[in-house]
Amino acid sequence: GNAGGAVMALFAVLLAWGVSRRIEGPEREIAEGIRKGQFIAYYQPVIDISNGNLLGCEALVRWRKADGTIISPAGFIALAEKSGQIYDITRSVMKRGREDLERVYEGRPELKLSFNLIAGHFASFDVINDVSTVFADSRIRMNQLVFEVTEREELPNIARARVVIARLQELGAQVALDDVGTGHGGLSYLLKLGVDQMKIDKMFVDAIGTDRYSTAIIDSLVRLASEMSMDLVAEGVETQEQVEYLRAKGVRAAQGYIFAPPLPAKAYAALAEAMCPL
Ligand code: C2E
Ligand code: CA
Ligand code: CA
Ligand code: CA
């Protein structure tokens, strides 16, 4: 009767409420974080291991909650990709990069600043507008910027990705293929994209001195990079043995905890000033 219908209706409402809270709860929290400017960047130095010079840094997003807690990308990136909020977060990270480093980078044109993009960024031209908008009248020059695309995810449209990469390069920026060796793209993929730089995944760096197969992969990346005149960056470098191996192979650029972890803006800016006196 009437009472049964009302109970059913109430039940349906409660169920919908519960489901929406479950699905939208974290998404709403991210939206609020975006609105409140809680998505900031840390900066991990990249070092020239042939001479110890600072080459620049990679911006790595962090979620700084109202209570000061710092959340790493593993805690929100996958969800933000699914919800599409990663595009707003990426714009926030680029704006932060500009604000945080403009003063230090202005007089040091040799320093680079890398940002991470997702495969979806290479499926439309929106990212070109974002980059132009954030950096057009900035004291950081376009040729100080590097955009990283991971080899882990497959690009939905290679032809389009090529054009987006070419546009970024026309603006003066460089494009890097991240996590090389972890994807299924293979060599032909790499050649098709026309990137300027490859980043050797930590997995292979970890294997130095322990796994001949992985070090053989590093050796072949070194040869490939030199033949295609691409820059190579080794990531996740943690030991002196790894530094020496990479140096002996002619790898110039490296980042990892042996040099520095990702640093808050002020700490990285101070490091850059100390390492690159004007
Ligand atoms: P990634 O681009 O491969 O970044 C390198 C990750 O390795 C960073 O983790 C960094 O903190 C960590 N790392 C660096 N050196 C070492 C080391 O010597 N040892 C170890 N164990 N780890 C090291 P993080 O900051 O947690 O970022 C994780 C991933 O999240 C990044 O991997 C990147 O794929 C993604 N990510 C970070 N920031 C952004 C962003 O702004 N946008 C997008 N789309 N993705 C981002
Ligand atoms: Ca990266
Ligand atoms: Ca990487
Ligand atoms: Ca990696």
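1. A residue counts as buried when its relative accessible area is under 20%. By that criterion Asp179 and Glu235 are both buried in this predicted model, and so are Glu148 and Asp178.

2. Calcium ion (ligand 4). The coordinating residues are Asp179 (OD), Asp201 (OD) and Glu235 (OE), at 2.5 to 2.9 Å. Along the sequence these donor residues follow the pattern D-x21-D-x33-E. Asp179 belongs to strand 6 (residues 174-180) and Glu235 to strand 8 (residues 231-235), so this pair ties together parts of the chain that are 56 residues apart in sequence.

3. Calcium ion (ligand 2). Here the donors are Glu58 (OE), Asn116 (OD1), Glu148 (OE) and Asp178 (OD), at 2.2 to 2.3 Å. Their spacing along the chain is E-x57-N-x31-E-x29-D. Glu148, in strand 5 (residues 145-150), and Asp178, in strand 6, are 30 residues apart, and the pair links distant parts of the chain.

4. Which residue coordinates both the calcium ion (ligand 4) and the calcium ion (ligand 3)? That residue is Asp179, and the two ions are 3.2 Å apart. The calcium ion (ligand 2) lies 3.7 Å from the calcium ion (ligand 3), with Asp178 coordinating both. Asp178 is in strand 6, and Asp179 is in strand 6 as well.

5. Nonpolar core. The largest nonpolar core has 76 residues, and Leu113 and Leu145 touch the most other members. Helix 3 (residues 86-106) supplies the largest share of this core, seven residues. With neighbours within four places in sequence set aside, the contacts of Leu145 are Leu113, Phe115, Val131, Phe135, Ile140, Ala173 and Gln174.

6. Helix packing. Two packed helices are described by the angle between their axes and the distance between the axes. For helix 5 (residues 158-170) and helix 6 (residues 186-193), the axes come within 9 Å and cross at roughly 45 degrees. Angles of 65 to 115 degrees count as roughly perpendicular and those under 35 degrees as roughly parallel; helix 5 and helix 6 are therefore oblique to each other.

7. Composition of that contact. Helix 5 contributes Ile158, Ala161, Arg162 and Ile165, while helix 6 contributes Tyr189, Lys192 and Leu193. By class, the residues in the contact of helix 5 with helix 6 are five nonpolar, no polar and two charged.

Definitions and conventions:
Residues numbered from 1 in each chain as written. Chains lettered and ligands numbered in written order. Predicted model: local features only at pLDDT ≥ 70, side-chain atom pairs only at ≥ 80, totals over all residues. Heavy atoms only, no water. Donors = N, O, S within 2.8 Å, 3.2 Å for Na, K, Ca; no water. Helix = DSSP H or I, 4+ residues; strand = E, 2+ residues; numbered from the N terminus. Buried < 20%, exposed > 50% of the residue type's maximum accessible area, 1.4 Å probe, protein only. Core = buried A, V, L, I, M, F, W, Y, C linked by side-chain atoms within 4.5 Å. Contact = heavy atoms within 4.5 Å. Axes fitted to C-alpha atoms, helices over the stretch in contact; angles between N-to-C directions. Parallel < 35°, antiparallel > 145°, perpendicular 65-115°, else oblique. Nonpolar A, V, L, I, M, F, W, Y, C, P; charged D, E, K, R; others polar.
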